Amino acid sequence: MNAARHAERSAIVLTGCTVVDGRALEGVAPLADAAVWVRGERIEAVGPAPEVLAAAGAAGDFRQVDLAGAYLTPGLVNMHTHLSLSLPGQGGDAVKGLGAYELAHYMADGARRTLRCGVTTVRCVAEKDHADFALRRAIAFGRVTGPRIFTAGQALVCTGGHGHEGTDTLECDGADGFRRGVRGQVKAGADLIKVMISGGIAGEHESIHTRQLFPDELAAVIETAHAWGRKVTAHAGPAPVIAEAVELGLDCVEHGYQLTPEVAALMAERGTALVPTLLVTRCEEFFDQLGVPEWMRRRSLDAGPRHLESYAMALAAGVEVLLGSDMPPFWQFEGTNASVRELEHMSESGLGPARALYAGTLGPVRWLGAEADLGTVEPGKYADLIAMDGDPLTATSAFRGVRWVMSGGRIVRDDRTGWNAS
Ligand SMILES: [Zn+2]
């Protein structure tokens, strides 16, 4: 973060709030009548309002912001994001047809909308043309309003494999090819590596069951990424392919459409997380808006019941599950945005509100290795905070009511005053 942007921010004390975060699962109770002192980009203190106000007053001037009885939580973290998503069909073709400069603006617009939804961090898992690295820099320097970005750059895929049609993937073949692919993404600035190891819903010439990498290719990806200190996440459907990858050290599974109790137990044992992206098989309205072809609609809907069974198996086995929408995180959908809708599905399908809060905040942050900076409302962390009227520990739908958003100590949305940062 640049110094000039930092200096612009005066101290703020947030009052009139109940502070809640993912540590509720670990015995840290919500704090009612709390105040949060934000100095620069970070949280200075959290505690009972009189104490925090006195401490802030003793340190100098500050601005008090009354949140009027809101619940204050860390911002959401969406672990499966594509800001340059282009599915088959006319909506996706329009994105594919954008020139480089247009694409950059399109992604910046998505980033701004995402942050306004209260999603303060995203993990991008395949973006076009390395535009994500430019966007990440623009956000870090304050030229664009958007979430913090952790990104895989382009996803690695075998020739003709899942997603090969777009410039958000890089075709590789053979162990050497995949090693080069990993190193190329790391060279460009990737925080993690994404690899497509099976077919999926959006590929016309494959099925969800199609195995796409040989074991030596998969091992090459994982060994190379780990040697460079990067985790690997895989687009994966069928259980045998996932089991093999988990044995080789895979860190995270995307979708997991067809888990079995055995592979779920293996994931739990090895600490492999699951980003279930439940929306992918239940988002007809979104597909209609984009005009996706009939074969894709059908494949999506058909996979829905089995996908939900898989998710239940993962929960039963104790697999860590994390929020990820796959749909653009800001997309207005079924009365809210895609990030909140996904979290509702996760909560209602067995997770419950307290674990959903964790799966949408602290859980992802721990996977990203960013817990020193993000994920809870604690002194020393970045002031990435959101406020809503409902209690998120009672109902995940409380996140539909996010009405105030702060990113790095800067208020970027306040519905009561009509303020929206541009
Ligand atoms: Zn995806």
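Which residue in S7 is the bridge partner of Cys-124? In this predicted model, where local features need pLDDT of at least 70, side-chain atom pairs count only at pLDDT 80 or more, and totals for chains, interfaces and linings use all residues, the partner is Thr-151. Residues are numbered from 1 along each chain as its sequence is written, and side-chain values use heavy atoms, with hydrogens and water left out.

The chain holds 14 helices and 19 strands; helices (H or I, at least four residues) and strands (E, at least two) are DSSP runs, numbered from the N terminus. Along the principal axes, the C-alpha atoms of the chain fill a box of roughly 65 × 45 × 45 Å. The radius of gyration of the chain is 21 Å, which agrees with the value near 22 Å that a compact globule of 422 residues would have. This radius is taken over C-alpha atoms, and the globule rule is 2.2 Å times the number of residues to the power 0.38.

Two strands count as paired if DSSP finds at least two bridges between them. Strand S6 (residues 119–124) is joined to S7 by 4 bridges in the parallel sense.

A second open sheet has 8 strands in the order S3-S2-S1-S4-S16-S17-S18-S19, and its pairing is mixed. Its edges are S3 and strand S19 (419–420), each with a single partner strand, so one side of each is left without a neighbour in the sheet. Strand S2 (residues 31–39) and strand S3 (residues 42–48) run antiparallel and are joined by 6 bridges. Here Arg-39 stands opposite Arg-42 in S3. The hairpin of S2 and S3 has 2 residues between the strands, and Gly-40 takes a positive phi near 65° in this hairpin. Further along the sheet, strand S4 (residues 63–74) pairs with strand S16 (residues 385–388) in the antiparallel sense over 4 bridges, and Pro-74 stands opposite Leu-385 in S16.

Helices also lie against this sheet. Helix H4 (residues 100–116) packs on the sheet and touches strand S17 (404–407), strand S18 (410–414) and S19, its direction making about 120° with that of S17. Helix H2 (residues 49–59) lies across strand S1 (12–19), S2, S3 and S4, and runs at about 20° to S2. Contact here means heavy atoms within 4.5 Å. Axes are lines fitted to C-alpha atoms, for helices over the stretch in contact, and angles run from 0 to 180 degrees between N-to-C directions.

Next come the helix pairs. Two packed helices are described by the angle between their axes and the distance between the axes. The axes of helix H8 (residues 239–247) and helix H9 (residues 261–270) come within 10 Å and cross at roughly 20°, and H8 and H9 are therefore roughly parallel to each other. Angles under 35 degrees count as roughly parallel, over 145 as roughly antiparallel, 65 to 115 as roughly perpendicular and the rest as oblique. H8 passes H9 in a left-handed crossing; a crossing is left-handed if the near helix is turned anticlockwise from the far one by less than a right angle, and right-handed if clockwise. Ala-239, Ile-242, Ala-243, Val-246 and Glu-247 of H8 meet Val-263, Leu-266, Met-267 and Arg-270 of H9. This contact has 7 nonpolar, no polar and 2 charged residues, where Ala, Val, Leu, Ile, Met, Phe, Trp, Tyr, Cys and Pro count as nonpolar, Asp, Glu, Lys and Arg as charged, and the others, Gly among them, as polar.

H9 also packs with helix H11 (residues 294–317): their axes come within 8 Å and cross at roughly 45°, which makes H9 oblique to H11. The crossing is right-handed. Pro-261, Ala-264, Ala-265 and Ala-268 of H9 contact Met-313, Ala-314 and Ala-317 of H11, giving 7 nonpolar, no polar and no charged residues.

H11 in turn packs with helix H12 (residues 338–351) at an angle of about 65°, the axes being 10 Å apart. H11 passes H12 in a right-handed crossing. The contact involves Leu-308, Tyr-311 and Leu-315 of H11 and Met-346, Ser-349, Gly-350 and Leu-351 of H12, with 5 nonpolar, 2 polar and no charged residues.
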